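Subject: Handing over the structure

Dear colleague,

My notes on what was found come after it.

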Amino acid sequence: MKVVAQWGDLADGVLVGRRVSREQALDILTTPDSELLGLLQAAFDVRRRFFGTRVRIHVLVNARSGNCSEDCHFCSQSASSNTEIDRYPMMSADALVDDARRAHEARAWKYCIVTAMRAPDVRVIETICDAVRRIRQRYPMMICCSLGLLTPSQAGSLKEAGVDRFNHNLETSERFFPRICTTHTYADRVRTLRTAKEAGLSICSGGILGMGETDDDIVDLAMSLRDLDADSIPVNLLNPVPGTPLDSQNALTPQRCLKALALFRFVNPDKDIRVAGGREVNLRHLQPLSLYAANSIFAGGYLTTGGLPASDVHRMIEDLGFEIEEVRE
Ligand code: SF4
């Protein structure tokens with residue numbers, strides 16, 4: 001039964017601090033496609049309160065690619081996937097500093113350094129810290145790292161080097177997680193997020209939609225991220241890559257993606273909600289609509305798959321009448 005009569009009323013409630021209930025969250029996901037514009041308008045009202053029409057651009061670098069010991073079923077970088085990807089060891093600090101120029105030129109609000117691994121070793125942490133210190137001296141960008149499971153002393157080193165944020169996605173609900181990964185647990189992931197937060201790092205955590213999860217799983221993910229007070233929430237949309245266990249999964253429509261983004265906005269109203277990996281293949285021509293709910297976006301492709309170049313992302317933002325958010329030092 002529908003408990004939300006008017007999406008505008010839901011937005012008004014959220015804007016005076018009321019929390020979205022599980023029933024309301026499920027209503028968002030199951031609303032008919034014919035009501036999508038009203039839902040997006042309401043999500044935009046919430047987005048506008050906290051972020052105006054500003055859009056934060058994020059640029060990724062895959063600092064160590066492939067051969068990961070873990071078995072996340074969606075991931076082409078797992079050693080158990082048969083996908084043809086470029087595999088290479090940890091980039092040097094010099095190479096990372098050089099690559100940061102690409103992010104700066106893309107007008108990135110945040111440069112996201114990602115390594116495919118279960119957990120970093122001493123050498124990885126030293127390389128990242130060296131690179132981050134130098135990037136901070138050159139470019140006015142926030143820096144996020146995604147390095148797998150983290151210890152408290154590693155988190156402290158990253159913070160001390162100038163890392164702003166640490167990413168570790170919950171990926172899905174606690175209930176569904178064992179169906180997509182068997183080499184580590186949901187609890188391991190939550191522990192890493194708490195470790196990062198305790199070290200004073202801002203936390204980035206989101207998930208992937210379209211892996212065979214239920215509506216309840218998506219609602220659980222959005223609410224778990226609210227409970228963890230994640231500052232930044234990347235909402236990935238499965239791009240089923242050949243050679244991974246999920247390569248025949250394809251359940252998303254553009255409308256469902258937009259409803260899910262609205263859901264994450266209503267449940268986490270003042271957080272950095274990002275329309276993330278898989279945007280181009282799942283939203284297709286409806287990509288611009290995602291920015292009515294999300295306030296941030298990736299430009300220039302993903303870890304192992306391509307995406308819209310930064311110039312096209314800039315044009316999309318301009319065409320919407322929105323503006324690129326600059327980092328204030
Ligand atoms: S830990 Fe990261 S890189 Fe490794 S398989 Fe999982 S998602 Fe891929």
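What volume does the largest cavity have? Before the answer, please keep in mind that this is a predicted model, and that every value below was computed from it. The largest cavity has a volume of about 940 Å³, and the count of cavities of 30 Å³ or more comes to one. Its lining is made up of 42 residues, and those closest to the centre of the cavity are Phe74, Cys75, Asn169, Glu171 and Leu303. When the lining of this cavity is divided by residue type, 20 residues are nonpolar, 16 are polar and six are charged. Strand S2 (110-115), strand S3 (142-146) and strand S7 each supply at least two residues of that lining, and the largest share, four residues, comes from S2.

There are pockets to consider as well, and the largest pocket holds about 190 Å³ of space. It is lined by 13 residues, among which Arg19, Arg226, Val267, Asn268 and Pro269 lie nearest its centre. The lining of the largest pocket divides into five nonpolar, two polar and six charged residues.

Helix H9 covers residues 215-228, and its 14 residues reach 20 Å from the first C-alpha to the last, which is close to the 20 Å expected at 1.5 Å a residue. After H9 comes Asp229, whose phi is positive, near 55°.

Glu325 is found in the segment after strand S10 (323-324), and with a relative accessible area of 7% it is buried. The side chain of Glu325 makes a polar contact with the side chain of Arg56, at 3.1 Å. If neighbours within four places in sequence are left aside, Glu325 is in contact with Arg54, Val55, Arg56 and Trp109.

Ala276 sits in the loop between strand S8 (272-275) and helix H11 (279-283), and at 0% relative accessibility Ala276 counts as buried. Apart from residues up to four places away in sequence, Ala276 touches Pro234, Val235, Asn236, Phe298 and Tyr302. Between Ala276 and Arg49 there are 227 residues in sequence and 22 Å in space, taken from C-alpha to C-alpha.

Arg48 has its place in helix H3 (residues 36-51). With a relative accessible area of 40%, Arg48 is partly exposed. Arg48 and Leu289 are 241 residues apart in sequence, and their C-alpha atoms are 14 Å apart in space.

With kind regards

How values were computed:
Residues are numbered from 1 along each chain as its sequence is written. This is a predicted model: local features need pLDDT of at least 70, side-chain atom pairs count only at pLDDT 80 or more; totals for chains, interfaces and linings use all residues. Side-chain values use heavy atoms; hydrogens and water are left out. On a 1 Å grid over the protein atoms alone, a cavity is a set of points where a 1.4 Å probe fits but cannot get out, and a pocket is an open set with protein on both sides within 12 Å along at least five of seven lines; lining residues have an atom within 4 Å of a point. Grid points are joined across faces, edges and corners, and a volume is the space filled by probe spheres set on the points. Ala, Val, Leu, Ile, Met, Phe, Trp, Tyr, Cys and Pro count as nonpolar, Asp, Glu, Lys and Arg as charged, and the others, Gly among them, as polar. The expected span of a helix is 1.5 Å times one less than its number of residues. Buried means under 20% relative accessible area, exposed over 50%, partly exposed in between (1.4 Å probe, protein chains only). A polar contact is a pair of N or O atoms within 3.5 Å; within protein, one must be able to donate a hydrogen and the other to accept it, and residues adjacent in sequence count only if both atoms are side-chain atoms. Contact means heavy atoms within 4.5 Å.
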